[in-house]
There are 2 protein chains.
Amino acid sequence: MKAFQDIVYSDRKSHQNIHECIIANYQIIESWFRNQWLKYPAPFYSSIDIRNSGFKISPIDTNLFPAGFNNLNNDFESLYITAVKHSLDSFKTSIDKILIIPEDHTRNLHYLKSLEYLSSLIEKAGYEVKVSKPTIVDNTNFKIVNSILEYDGFVPDAILLNNDLSSGIPSFLDNVKQLILPSKNIGWTKRSKSEHFNYYSDVCSNFSNLLDIDSWLIDPEFRNCGEINFKTKQGEECLVYHAEKLFDIITDKYEKYDINEKPFIIIKADSGTYGMGVISIDNIDQIKNLNRKQRNKMLSTKGNNSLDKVILQEGVYSFEQTRESSNVAEPVIYSFSNFLIGGFYRTHENKANNENLNSPGMVFHPIPLNDICIAPNLKLPIDSPINKYYVYGVVARLAILAAAKELFNID
Amino acid sequence: MKAFQDIVYSDRKSHQNIHECIIANYQIIESWFRNQWLKYPAPFYSSIDIRNSGFKISPIDTNLFPAGFNNLNNDFESLYITAVKHSLDSFKTSIDKILIIPEDHTRNLHYLKSLEYLSSLIEKAGYEVKVSKPTIVDNTNFKIVNSILEYDGFVPDAILLNNDLSSGIPSFLDNVKQLILPSKNIGWTKRSKSEHFNYYSDVCSNFSNLLDIDSWLIDPEFRNCGEINFKTKQGEECLVYHAEKLFDIITDKYEKYDINEKPFIIIKADSGTYGMGVISIDNIDQIKNLNRKQRNKMLSTKGNNSLDKVILQEGVYSFEQTRESSNVAEPVIYSFSNFLIGGFYRTHENKANNENLNSPGMVFHPIPLNDICIAPNLKLPIDSPINKYYVYGVVARLAILAAAKELFNID
């Protein structure tokens, strides 16, 4: 095994060292993952947003009710279908009919395309699929007979949630006997980002012991504050306090690793949101001086509930950019259970490398066919696409494993 | 469900009806397969030779120690790696190191390429792989310590046989504690084609009940004879007797379905062989009048053992041919466990549509990327490649299921 500390840091180029360490130890890593999945089965599906600054690579969002399937490279469809089969096979029970409960925002054409592609994949895997009318608020079409959920006469064997339950767990899912995927208790009603990143830190600490690396290289620091009201500034001192702590930690790490960049912090809702309510700051005063627009932004989360809990997370620079136009890019990796199926780059022409790219104006570039993130190629350079994507795949699976542990403890 | 008998036969074009029935009922079929795999886990890997005459489509050989991996389309590598992972995951036990025991004929470059590709796939799936020197006869490098097999200091967690055990089960596999894949009892030492096709007939009869079709449309008739010596003509009357019976059955079926072709029968070794010892006859006299060359051919099976048992199998015409040169073609479909990974067409410029194509001079054409045999496309015509390949995939899985039942009863 190649030890990570043997590798010297100097400039951004040599910051590829965490990548080198992962590639060199890929068999040990795969073996470790295999044993983890035996204990903690992965959630049905996921998409993981990743930021790669070269010196650090981290997941920044773990979505357990993914959309965006329409942005995948459909040359790879047989892989997706195979992964769907694997994911459903793993329950070792007879499932034929699947009801998908989608998000409520029907007018988003991108979302509807994603939903259509997702259901076609499950259909092509040989299941009968029905998508409920995309509103769980108006639930007159749902009926419970002897603890079995029916939708419009359709009696599913499993219920697949493609709704993050930001608006609460619908009552018709209470005491339902059917399998609910991934789980009704893993929606934003019950889940928080800080809890997820607690699990993620745990996973990273085990993984880092395995490879003998500093877990900071894959784990973004974070803190959380409850009872924040951006309108009345209630709780501001909590934000300032934790932001100061975070800036101290990040500054120390940047010095240790000779990283000549300005630390920054992302403040976002601790539960849910679709890229709304996300701000990026690089000094404490910015918290105190949030203008009205920024404050309003923090109030306009999905469902228009006012924010009460936030997570402050170490910002991870993205030093990846599109070749032609130099737009900032971040990878998004998809999975069905523990099987990765590739993903795409999210890019944005109006955003800097320390800003949230998940916002209007983003563009998607599917990861090309042969370079999918399933296996490295030891004969190619560390920074070749295939090897970079493998590293993404490892980081994505660390996040999936964290979610698997959440599920394990919630259900 | 669309009933098969509603479809009328007339000419070769409309003989696509078995295809139509399979495509129309694909969800029922997928559901049925899922339930079968729960009871009968598929063998680790396989390749299935298929013949498609339009009016009939059947497997003619089910190889449980497949070669030819080098002929697969490697654009699809991530699918193969994913299928390998699935196949090994399904044992729900910790496997890190795999020893592959290959065939003995080292000088076959095609075989060595296949072996290299197979082991690279398993390596890329994250396992440590060692290939034993391709001779199980000279087994001085194998050592047993406390019922654990070691090879040259390598202690595998699982032993993968890529040797069909035509020359017997090597003694060093006796009482070994490690997992042996697919099983040491499923080699040609113990297995026979007639036993496999007995299981296959069983599977077909269940499948045909499901779809309400005549199982003959997917099931080749067969008979077997023991104690045949082609040199001394001992047992010839058994061959003649069964060949007459077979010709009668096939002739009746051809009449029933208005098929204007000459029935033929394939005679081959009941165990093993690499395409050697296979003859095609279309009348009884040909058995009585086998010339010296043909008799010698029947004696020259793999390992040069003289044949003692043979299977007489209904010949299935191949009405598929290459577009440019009109060479006869037959599909070969590969799997890891119950996951199909595509395959290729075997073609031969010097063979007729009622002859064995698995012989020197054969050429391989990988099945193209998007048309892999995993899911049909109901919007496309029945005879479109994607739908034809789906039908191959169904027939291949029927053969795999037959092998799974063999395994279930042998192990």
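Trainee: Which residue of chain B comes closest to the rotation axis?

Mentor: First the general idea. Two copies of a chain are related by a rotation about an axis and a shift along it. In this predicted model, B:Leu79 is the residue of chain B that comes closest to the rotation axis, with its C-alpha at 2.6 Å.

Trainee: What rotation and what shift superpose chain B on chain A?

Mentor: The rotation is 180° and the shift along its axis is 0.0 Å, with an RMSD of 0.0 Å. The two copies are therefore related as by a two-fold rotation axis. The same surface serves both copies, since 100% of the contact residues of chain B recur in chain A.

Trainee: How many residues does each chain bring to the contact?

Mentor: Chain B supplies 26 residues and chain A supplies 26 residues. On the side of chain B that touches chain A, the elements giving two or more residues are helix H2 (26-39) and helix H3 (77-89) of chain B. H2(B) gives the most to that side, with seven residues.

Trainee: How do the residues on that side of chain B divide by class?

Mentor: The side of chain B that touches chain A has ten nonpolar, nine polar and seven charged residues.

Trainee: Next, helix packing. At what angle do the axes of H5 and H9 of chain B cross?

Mentor: Two packed helices are described by the angle between their axes and the distance between the axes. In chain B, the axes of helix H5 (residues 193-211) and helix H9 (residues 385-410) come within 8 Å and cross at roughly 120°. That angle makes H5(B) oblique to H9(B).

Trainee: Is the crossing of H5(B) and H9(B) left-handed or right-handed?

Mentor: The crossing of H5(B) and H9(B) is right-handed. On the H5(B) side, the contact residues include B:Tyr199, B:Tyr200, B:Val203 and B:Phe207. On the H9(B) side, they include B:Leu398, B:Leu401, B:Ala402 and B:Lys405. By class, the contact of H5(B) with H9(B) has ten nonpolar, one polar and three charged residues.

Trainee: At what angle do the axes of H5 and H9 cross in chain A?

Mentor: In chain A, the axes of helix H5 (residues 193-211) and helix H9 (residues 385-410) come within 8 Å and cross at roughly 120°. H5(A) is therefore oblique to H9(A). H5(A) passes H9(A) in a right-handed crossing. A:His196 and A:Cys204 are among the contact residues of H5(A), and A:Ala399 and A:Glu406 are among those of H9(A).

Trainee: Now the backbone. Is the peptide bond from A:Leu181 to A:Pro182 cis or trans?

Mentor: Most residues other than glycine have a negative phi, and most peptide bonds are trans. The bond from A:Leu181 to A:Pro182 is cis, with omega near -10°. A:Pro182 lies in the loop between strand E8 (179-181) and H5 of chain A. In chain B, a cis peptide bond joins B:Leu181 and B:Pro182, with omega about -10°.

Trainee: Is the phi of A:Asn175 positive or negative?

Mentor: A:Asn175 has a positive phi of about 55° although it is not a glycine. A:Asn175 lies in the loop between strand E7 (158-162) and E8 of chain A.

Trainee: What is the mean pLDDT of chain A?

Mentor: The mean pLDDT of chain A is 87, and 90% of its residues reach 70 or more. Over residues 1-15 of chain A, pLDDT stays under 50. For that stretch the model has 25 contacts beyond four places in sequence. The model scores ipTM 0.86 and pTM 0.90.

Note on methods:
Residues are numbered from 1 along each chain as its sequence is written. Chains are lettered from A and ligands numbered from 1 in the order in which they are written. This is a predicted model: local features need pLDDT of at least 70, side-chain atom pairs count only at pLDDT 80 or more; totals for chains, interfaces and linings use all residues. Copies are superposed by least squares on the C-alpha atoms of residues with pLDDT of at least 70 in both. Two residues are in contact if their C-beta atoms, placed from the backbone, lie within 7 Å. Helices (H or I, at least four residues) and strands (E, at least two) are DSSP runs, numbered from the N terminus. Ala, Val, Leu, Ile, Met, Phe, Trp, Tyr, Cys and Pro count as nonpolar, Asp, Glu, Lys and Arg as charged, and the others, Gly among them, as polar. Axes are lines fitted to C-alpha atoms, for helices over the stretch in contact, and angles run from 0 to 180 degrees between N-to-C directions. Angles under 35 degrees count as roughly parallel, over 145 as roughly antiparallel, 65 to 115 as roughly perpendicular and the rest as oblique. A crossing is left-handed if the near helix is turned anticlockwise from the far one by less than a right angle, and right-handed if clockwise. pLDDT is the predictor's confidence in each residue, from 0 to 100.
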